[in-house]
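The sequence and the structure are shown first.

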Amino acid sequence: YNAEKTITRCLDSLVSQLQKNVEIILIDDGSVDNSCLICKKYTSEYSNIIYAYQENQGVSAARNAGLDLAKGKYVVFVDSDDYVSPDYFNTLSYYLEKAHVDLLAFSSIISSDPHVICKTEYYSSDPVQIAAVTDELLVSQMFYPVWDKVFQLDIIKKYRLSFNTEISIGEDLAFVMSYLPKIESICLINDTLYYQDVENYDSLSRKSKDYVFIHLQQAISIAECALDSSPWPAEAIDVLYHSIIYLSYRSVYSAVKELLRNNNLPKQRRNEIINQYCDIINSKRYIVNGWKCRLLAFPIQIKSIGIICSVAFIANFRRYFKWTTYFTSSPD
């Protein structure tokens, strides 16, 4: 959407290594700038690039439109203000042919911050092991987005998975957590293949949002429903529920961060809203396990607004609550 400043960089990073078995689907979500002209220029030059226009409906609707058009075995997502590494397709093809997995996840760069998802190659087809690995990655805030993963289109179609168009934050988490408990195998690689540009101030991720708590709670509810209907054994599901509980508590801090940005919101009203957040989370009567989760949960459980605001106020909140776990197993 309105990506005329970045779409050329994004597409050049893709077409420079374009392969015959790769199809690029461009969904224009109602742009009013020159995005359309740029996209049509590429479709005229490359036969395996498809362009589709729709009225503005948001990123989830755009991704759903792309999934409807997709015909390949695997699906990846690339945002128009980001770009990929020069060996993106070759590396993905190598590991997919080697492991034939249902979900492949790789490392990325967010501005200059490396997000290394694993130290070496990791493979598993055991649901309990998959749950344990992804639980640690979710708690470490390393497993939310869709743009650092490869999905099987057959699984998406079989379970009629799609992005929820009613939420505009947490939609990636909801999709990943809906897909995850349906898979039979996973592969993590340390290759850095994706570059996210968070310096683009026109990006939706840079805009203040006062709906964070509601949308994140909706995303968590979607994830809970996916776990409830999963074919995985109970032991694996229990592990992933630990992730859900952690994310639910963390959503309070994410929402309070947005409240603190609103200088027009009176302190008394802000505190009332935070109290409401705490009441909603506490009403779920979560059983909290693990010191990381307890650390987040305790201020919410006792409704200590001062502590909650202090934590949320820290500019580098993610750095203070990020524990990166590396996995070193090799494929079977």
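In the residue classes used below, Ala, Val, Leu, Ile, Met, Phe, Trp, Tyr, Cys and Pro count as nonpolar, Asp, Glu, Lys and Arg as charged, and the others, Gly among them, as polar. By these classes, the lining of the second largest pocket divides into nine nonpolar, three polar and three charged residues.

**Confidence of the model**

The structure is a predicted model. The protein chain has an average pLDDT of 90, and 92% of the residues score at least 70. Residues 319-332 have a pLDDT below 50, although the model gives this stretch 49 contacts beyond near neighbours in sequence. Over residues 201-206 the pLDDT likewise stays under 50; here the model has seven contacts beyond four places in sequence. Where pLDDT is low, the predicted coordinates should not be read in detail.

**The second largest pocket**

The volume of the second largest pocket is about 210 Å³. Its lining comprises 15 residues, and those nearest the centre of the pocket are Asp-210, Tyr-211, Leu-259, Ile-273 and Tyr-277. At least two lining residues come from each of helix 8 (212-228), helix 9 (234-261) and helix 10 (267-283). Helix 10 makes the greatest contribution to this lining, with four residues.

**The cavity**

One cavity of 30 Å³ or more is found in a search of the whole structure. The largest cavity has a volume of about 30 Å³, and its lining is formed by Lys-209, Asp-210, Tyr-211, Val-212, Phe-213, Ala-255, Glu-258, Leu-259 and Tyr-277. Helix 8 and helix 9 are the elements that give two or more residues to this lining. Helix 9 gives the most, with three residues. By class, the lining of the largest cavity has six nonpolar, no polar and three charged residues.

**Helix packing**

| Helix pair | Axis separation | Angle |
|---|---|---|
| Helix 10 and helix 12 (residues 305-313) | 11 Å apart | about 95° |
| Helix 5 (residues 127-139) and helix 9 | within 8 Å | roughly 10° |
| Helix 3 (residues 59-69) and helix 7 (residues 171-179) | within 10 Å | roughly 40° |

Angles from 65 to 115 degrees count as roughly perpendicular, and helix 10 and helix 12 are therefore roughly perpendicular to each other. Arg-270, Asn-271, Ile-274, Asn-275 and Cys-278 of helix 10 meet Ile-305, Ile-308 and Cys-309 of helix 12. Five nonpolar, two polar and one charged residue make up this contact.

Helix 5 and helix 9 cross at roughly 10°, and are therefore roughly parallel to each other. On the side of helix 5, the contact is made by Pro-127, Val-128, Ala-131, Ala-132, Thr-134, Asp-135, Leu-138 and Val-139. Helix 9 contributes Glu-235, Ala-236, Val-239, Leu-240, His-242, Ser-243, Tyr-246 and Leu-247 to the contact. The residues of this contact divide into 11 nonpolar, three polar and two charged.

Helix 3 and helix 7 cross at roughly 40°, and are therefore oblique to each other. In helix 3, Val-59, Ser-60, Arg-63 and Leu-67 meet Glu-171, Asp-172 and Phe-175 of helix 7. The contact of helix 3 with helix 7 has three nonpolar, one polar and three charged residues.

Conventions: Residues numbered from 1 in each chain as written. Predicted model: local features only at pLDDT ≥ 70, side-chain atom pairs only at ≥ 80, totals over all residues. Heavy atoms only, no water. 1 Å grid on protein atoms, 1.4 Å probe; cavity = no way out; pocket = protein on both sides within 12 Å on 5 of 7 lines; lining within 4 Å. Points joined across faces, edges and corners; volume = space filled by probe spheres on them. pLDDT = per-residue confidence, 0-100. Contact = heavy atoms within 4.5 Å. Axes fitted to C-alpha atoms, helices over the stretch in contact; angles between N-to-C directions. Parallel < 35°, antiparallel > 145°, perpendicular 65-115°, else oblique.
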